[in-house]
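I opened this model to look up a few local features. These are my notes, entry by entry.

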Amino acid sequence: MSSPALGVAVIGYSFMGQAHSHGWRNVNAVFDTPAVDMRVLVGRNAEAVQASARRYGWAESSTDWRATVAREDIDIVDICTPGALHAEIALFALAHGKHVLVEKPLANTMEEAADMAAAAQRAEAAKVVSMVGFNYRRLPALALARELVAGGRLGELRQLNIRYYQDWLVDEQAPMSWRLRKDEAGSGALGDLGSHAVDQVRFLTGAEVASVSGTSRTFVQRRPGAAGEEEVSVDDAIWATLQLDNGAVASVEATRMATGRKNALRIELYGSRGSLAFDLESMNQLQVCDLEAPTGAQGFTSILVTEPQHPYLEGWWPTGHVLGWADTFIHELRDFLLAIDGGSAASPSFADGLEVQRVLAAIEDSAAVGGAPVVVHHTDAHEAPVASR
C-alpha cells in the first residue's frame, strides 16, 4: 500500500507473544490491509527476548517497554504480558497516541478495566483505536454462527452451554507459574478460559448478562516453586449459570483440571427453530440443526466452513483446505488494521472487555458467598463498577 508502514511493538515474547508475532508476520500476505513493520519485541530477559525477536522476525528487541512505546516510529502497541501489566502499559500507550491491542482478559481488576475503557473512549476522538484480543471471535465457524443467530435461523434463543476444558494442571507436581498467582493473573481458569466463554455468550447472542450464580474450586492448594512450595492463590475451575437480558440462560464451565482435555472449547446454542454446536478440536466445522426441515430430514448437519463466502475466507486457500488455531490471530489483526485504516472503532472494544470483566467479577463474588445470585450492573466506563447481590 502507498501509505508508510505502521510500526509495531509487541510487549511480551512467550506463548501469546509468539502467537501474535505469527499474526503480524503474515497478515499482509493474507489480507489487503495497511502495511506493518515488525519493529520491536519487548521482554524482561534481554538474552531471551533477543533470541525470540530473531526467531519471530522482529527487527530488534528491548527490555524497556516505556522507551519503546514512546518512540516516534511505533504506531501500534500489542500487549501480551501477564494481566498485572495490562492497565499500566495500555494507559501509557493511549496517552502517547498509540493504537493498542491487549490480550484477554482486559485487566486483573474492575478498577483497572474501567480506567482502560475510559481512556480508550477518550482516545477515540483522536482516531486512536483500541481492541481486546478475544481471538475466538475470529474463528470462521463462530463468526458464521453469529450471523445465523442474528439472522433468526435459531428463532428465539433459549439455552447456551459453553464448556472450556484443559488439563495442564492435573499433575499435582506441575510447577508454579504466574498464571497461578492472583497478583499477576487476577484469577485462574475464570479469567484464562472463562473470559473466552463469557465473551462468546455476548458475541453470539448480542445480549448482556443480567445476573450470575457461580462456584469455584482450587483442587491443588500448593505447588512446587523455585524456592519451595507456594500457595496457589487462584481457582482451578469455575461453574456458572448466567441469566441473559433477552431471557436466555447460559451455562458456563471453565477448568484446567479436566484430565485428557487439551484445549476443548465446546459451544451449544438451542433455540425455538434450531440449534448450533461447535467444537474447537474440529474448528473448521459448524453443526446446524434446522427444525424447519422436513421431519424425516431433521438432525444436525455439518458445515465445513471453508467456502469463499464464509467469514475471513476471502484471503485463504481453495474450498476444503482447512485453517488452524494460529490463523485466528491473523484474522484478529486484519480487523484491527482495517479499523485503524478506516478511523473507526474496533471490536471487541475495551468497553466490551469491561463488560466481560463485570461478569467475571460477579462470578467471583457469587462463588465467595456460596453461589448466591449476583446482579451484573452495566455502567458507563467512567462510573464506579458495582456488583451486588
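**Entry 1: a helix and what follows**

Helices here are DSSP runs of H or I with at least four residues, strands are E runs of at least two, and both are numbered from the N terminus. I kept in mind that this is a predicted model, where local features need pLDDT of at least 70, side-chain atom pairs count only at pLDDT 80 or more, and totals for chains, interfaces and linings use all residues. Residues are numbered from 1 along each chain as its sequence is written, and side-chain values use heavy atoms, with hydrogens and water left out.

Which residues of α4 (residues 86-95) are buried? I found H86, A87, I89, A90, A93 and L94. Buried means under 20% relative accessible area, exposed means over 50%, and partly exposed is in between (1.4 Å probe, protein chains only). An α-helix has 3.6 residues a turn, so residues three or four places apart point the same way.

**Entry 2: domains**

I looked up how the protein is divided. There is domain 1 (6-134) and domain 2 (137-347 + 356-374). The bounds come from an automatic or database domain assignment. The C-alpha centres of the two domains lie 23 Å apart. Their contact takes 38 residues from domain 1 and 42 residues from domain 2. Contact means heavy atoms within 4.5 Å.

I also checked the UniProt record, an unreviewed entry. Over residues 7-125 the chain is 48% helix and 20% strand. The record also has "domain: GFO/IDH/MocA-like oxidoreductase", covering residues 144-276. That span is 21% helix and 39% strand, and its end C-alpha atoms lie 11 Å apart. UniProt positions are in the numbering used here, feature names are shortened, and annotations may be inferred rather than shown by experiment.

**Entry 3: the largest core**

Which residues touch the most other members of the largest nonpolar core? They are V212, L242, F278, L286 and F350, in a core of 81 residues. Both domain 1 and domain 2 give residues to this core, so it lies between them. A nonpolar core is a set of buried Ala, Val, Leu, Ile, Met, Phe, Trp, Tyr and Cys residues joined through side-chain atoms within 4.5 Å. Apart from this core lies another, of 32 residues, among them L6, W24, W58 and L337.

Leaving aside neighbours within four places in sequence, V212 is in contact with residues including T241, L242, V359 and I363.

**Entry 4: strands**

I turned to β5 (residues 99-103) and β6 (residues 130-133). They run parallel, joined by four bridges. Two strands pair if DSSP finds at least two bridges between them. L101 stands opposite M131 in β6. Which residues of β6 are buried on each side? S130 and V132 are buried on one side, M131 and G133 on the other. In a regular strand the side chains alternate between the two faces of the sheet.

β5, helix α5 (residues 110-123) and β6 make a right-handed β-α-β unit. Right-handed means that, with the strands pointing away from the viewer, the path from the first strand over the helix to the second runs clockwise.

Next I traced β8 (residues 209-217) to β11 (residues 237-244). Eight bridges join them, and they run antiparallel. G214 stands opposite A240 in β11. β11 also pairs with β12 (residues 249-255), antiparallel, over seven bridges. I238 stands opposite A254 in β12. The β11-β12 hairpin has four residues between the strands, and G247 takes a positive phi near 95° there.

**Entry 5: loops**

I looked for cis peptide bonds. One joins K104 and P105, with omega about -20°. P105 is in the loop between β5 and α5. Another runs from S347 to P348, with omega near 5°.

K127 has about 65°, and Y312 is near 70°. Is each buried or exposed? K127 is exposed, at 52% relative accessible area. Y312 is buried, at 12%.

Last, I found W178 in the loop between β7 (157-165) and α7 (182-185). W178 is partly exposed, at 28% relative accessibility. Not counting residues up to four places away in sequence, W178 touches P82, G83, E184 and A185.
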